[in-house]
Amino acid sequence: MAALAIVPTLSKAGATGTGIHNNTLPNSIVQDRTGTIQPAGEHELDYQNDNRLSSQQFYELLQDSKDTYYDEPNGLLGTTYFSPNVFSRQPYVANGYIGSRITNVGLGFAQDEITVTKSNNTKAMTNNWPQFNKRFAGSFVADFYALEKHLTSNNFPELDDRGYPNIIASIPDWTDLQFRIANTSHWYNALNVTADQVTNYSQNMSMNNGIVSTAMDWLDGQLHVASQVVAHRDVYPLGFVSLEISLNTENLPANFTSCPLEIYDIFNHSTSVRTFLQNSGYDAKNGGIFMVVQPDNVPYNNAALFSTADVELQSNTGSATGNYSFSATPANLTDGYASQTATVNLTKENPIVIIRKYVGIMSTTYSLSNSSNLDTAASFANEYKGQYTELLASHEEAWDKVYGDSKIEIPSDSFLELAAKSSLFHLLANSRAHNVSQERGMLMPVSGLSADSYGGLVFWDADMWVAPALLPFAPEVAKNINSYRNATHHQAQLNARSYGLSGAVYPWTSGGFSNCTSTGPCVDYEYHLNVDIAYSTLSIFLSGATSDLNDDYLRYTTWPMVKDAADFFTSFVKLNNQTGKYETLNSTDPDEYANHVDNGAYTNTGIKTLLKWATDIGHHLKEPVDSKWMVISNNMIIPRAESNITLEYTGMNSSVEIKQADVTLLVYPLDTIDDPVSAAYAINDLYYYSGKQAASGPAMTYPVFVAAAQSLLNHGSSSQSYLYKAIIPYMRMPFAQISEQSDDDYDTNGGLNPAFPFLTGNGGVLESIIYGLTGIRYGYEVNNSTRAMDRILKFDPTELSALPDGLAIRGFHYMENVLDFIINDTNGTIFHKSGNKSITVRVPNRNDYDDTKVHFYTPSNNTLQRRSSSQIRVGADGSIYYTIHPGQELVIPVYKPLLAVEGNLAEHRQITNLTNGVAGDVGLSAIDGNNYTHWQPIDKNTAKLLIDLGSEQQINKGSINWGSRPAKNYSISILPHSELLETLFTNVTSILENNNGTTEEGMTDALAYLEHYMSSGNSSTNGTCSSDITDILKWKLGSFNGMIQSLPDLEPLHETFITIVDNQKVVPSLPYYSEVDTEGIVALLPGNITEFNVDYSNVKYNTSLSCLPGAESNDWKKARYVIVSVQGTFDNDTYPYGATLNEIVLQN
């Protein structure tokens, strides 16, 4: 045990990094959460290495995670795999104005070469609705839209007669810099470089500064090629590229003399989509090439690109030995092609050449001067030519300013922290705070500035998912997103008039124009967009994040949009004379599996809520208020089943599969739950719809469930399991981009291609953390005497049992202040970090919410069955209000959710699935204390889950809730008590905590220690069980992929894991209610529960295993690691997936 000498201090097993909570568990849903206001202090979170390292298992579950890396200190995401060009494996650069998706060679344009499917279906390489063109890596400029007479697909073709539909146009690729070896066929570009020519490949994207870097050895390693592509963060019209080519002298043939290179700087009109070429060529006066393109059928708009470049030859010591100039390429007269060329000769004495390309890009909708777009583009390129080093420095400085001190910290989980950081990066990279005209606003397409998914159109995604996610960190950007709706408000008024309706109505999709089109209908479709826009602009006002978000903003920006939406819906809803309720007909909610229905719950609740907003704002501003608004609001029909579950729409039955959250949106973001009755409805809705979501639903579904579970449930940790479900199925490596759907496979996804990248999903990730896990909501209360609106901030912190040590949200802008929110295992704290304004915080009263009051379906017709300070004031509903002054902080005890089953040792512990689950399912759902979340194996024959209880416990009994799909058999196995295992954990953790090098060095040291210990012939271990211990340590160290590869069937573990419940047959505890299916009854069903007791006298245990000290005593019965195995399904049906594990309970 000499290796122990390297450890200065030894932690007790389980004391750090195990996720164990030693706090006394609450025994009631009624909890005292009285807070204190005190002088502000510093709040640093405790990063725990073993929890953090074990969270790396989640990276292995992501698509395309092989051969990828994440350099966390430097914010680099990358890959060492040279993949054929395919959309999901490509990085991009963007600065909110220009953007370009980057090919595998780091430069130029390419269409997708392969599919992510197992078949060769060419349709899988196309983008999605409405145009279905082939996916490509190309370049874009903001607000550059074409008009097409007809698109490949649309929803309302009859509207083509009212006006051409919008669709984004791409510009010529501005990163195209390529070269060839003179007098050979060897071209370095995205079309000609193949994997067999490439070694030592690396491509990465920095989340710190947005730079994409690519490097490789090419042609048997004789040339080293490295490039950087940058869209300048502050000089928006400027992109610049660096290409370095050098000889690998050690790989050159003996007879080598020189390597003559021809370098080409190119604009190619064929890399531009949906544009007309106006002009192109070589400009000798300005020393560069240019191209001007016009979007189809929009003659008064164009985008001009101008490129100038320089070449520097360097000696083998790195000193400059010559500068070369570009000149017009002889073939430059080719139509649609502008090129300039430089030639250089590499030798052993001068083996390095560096090319720097500077591109100015200017479009009509952005133009900063009265000069032509081409002249402006040329001036930008030439102004910054030769300043590459200075540009990099100013670019990085600009990114630092964009981030400011905004940050999300999750110390126990590096994967979730990456999801938060990458999501913030992707949203910021595709948006800008400055140079946005109020006449146009800033358009935020779902794929930003690197793809044309959904035709580059703007949906509700911008208003409900992107703007709210950016509002706390980048309020100017959020205002710019809303300014687009303000800029198109007049057209929305014209749209309403054209249908004989009052107010204003926005089209479902829009781009450069906002009239009603075949892809963007205004009526008979998703009316809820008008609620979403009102919600977004009101939220921005309520944040008060900047000084101009005052009553003037409310009056001149928010009020016109909210009032016109209220007027529109007042003229749109229909009074049902029989019921006295107001209805909506022929509409579609966000769940687009249910088109053209009546009384969509989200739309109707949105109308109800919006009319109250309009009334309150009107009174606050002393503007005329229509008395009908509140009459309609108080009488909107919200459809409900006999079981009191809210229906998505009138006539919905139990056969539905839900595309995305509809009813759950009533909890978040509409925030309509304000009393125990509405909470009881919402809890039942949450449970019911959790089981109805389609596995392939879009990425903004489960963020809503995170927020709903956190705010409603007082048992378990399902808000956190929903969070993993919101990320793991949708995130794509190597560059942590989000796909619209969990399944990118055209063949298995119903012939659909998801949008990619899907910025909506990034917004969902941020909202699920910022608002979902914290209970933060913007709000207001009306003064009863003055009718004035007083802005408040709601804060409802709960203990995050699955995330030991909680989280921090730093740099949150509110009421012209900057706040930090810190939630740990004990308290939630609001730190008033900067600013000179006091704020009012409301902590809601949760004591009347009871998530155990679930109304189950029973065969009897009517029976509902129940399962077993001057700075402080208290509101009528029990909510507590606090006023926080500058320099103070509010500390509130977190609400501590109870265990769903008393004494459950497994709940919210660490878990990993050793066999694959259905897309979208995560193992944590089986132990999160929520009987309506589940994990389901993709193979019905066998499934295995490995649970870390955090400390050694003796399991004497337990149960499994199967929901409505029980298994055929199940087994429970344990790894008996092992002092060796605890010692190894302690020492490995200490090595990692005390390592002064990089994370990789710490991992290397830890694994070296393990290898040495396991091979040292130590008397405490032998080959029989060392494999077990090593495999579990690999999981805890984050090397999850290695564990899976070594244990495909858990054969090595069979020797030392002891089966304590062996092949137990499952007998359902409840009958099958056939009438629920045949009659389409919408009701919650109780789960099938199988209970077990452990009889250790019948357990076969080999006491001769020398690696298990204590074998002679009963201590062997204590285990930290448990495997739950299930086989088959009770129903012998053809459905391919296995049993559902809704909740695993293990007890002493």
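Let me start with H5 and H8: H5 passes H8 in a left-handed crossing. This is a predicted model, so please keep that in mind for everything that follows. H5 covers residues 460-470 and H8 covers residues 528-543. Their axes lie 8 Å apart, and the packing angle is about 30°. Angles under 35 degrees count as roughly parallel, and that makes H5 roughly parallel to H8.

Which residues of H5 and H8 meet? On the H5 side they are Trp460, Asp463, Met464, Ala467 and Pro468. On the H8 side they are His528, Leu529, Asp532, Ile533, Tyr535 and Ser536. Sorted by class, this contact has 7 nonpolar, 2 polar and 2 charged residues.

Next, H4 and H15. H4 is residues 414-429, H15 is residues 759-772, and the two pack at about 130° with axes 9 Å apart. H4 and H15 are therefore oblique to each other. Their crossing is left-handed. H4 contributes Ala419, Ala420, Ser423, Leu424, His426 and Leu427 to the contact, while H15 contributes Leu759, Asn762, Gly763, Val765, Leu766 and Ile769. That contact divides into 8 nonpolar and 4 polar residues, with no charged ones.

H9 passes H10 in a left-handed crossing. Among the H9 residues in the contact are Asp551, Arg555, Trp559 and Phe569. H10 brings in residues including Ile607, Trp613, Gly618 and His620. By class, the count is 13 nonpolar, 4 polar and 2 charged.

What lies closest to its centre? Of the 28 lining residues, those are Tyr724, Ala802, Arg909, Gln910 and Ile911. S41 gives the most, with 4 residues. As for class, the lining has 11 nonpolar, 14 polar and 3 charged residues.

Terms used: Residues numbered from 1 in each chain as written. Predicted model: local features only at pLDDT ≥ 70, side-chain atom pairs only at ≥ 80, totals over all residues. Heavy atoms only, no water. Left-handed = near helix turned anticlockwise from the far one by under 90°. Contact = heavy atoms within 4.5 Å. Nonpolar A, V, L, I, M, F, W, Y, C, P; charged D, E, K, R; others polar. 1 Å grid on protein atoms, 1.4 Å probe; cavity = no way out; pocket = protein on both sides within 12 Å on 5 of 7 lines; lining within 4 Å. Axes fitted to C-alpha atoms, helices over the stretch in contact; angles between N-to-C directions. Parallel < 35°, antiparallel > 145°, perpendicular 65-115°, else oblique.
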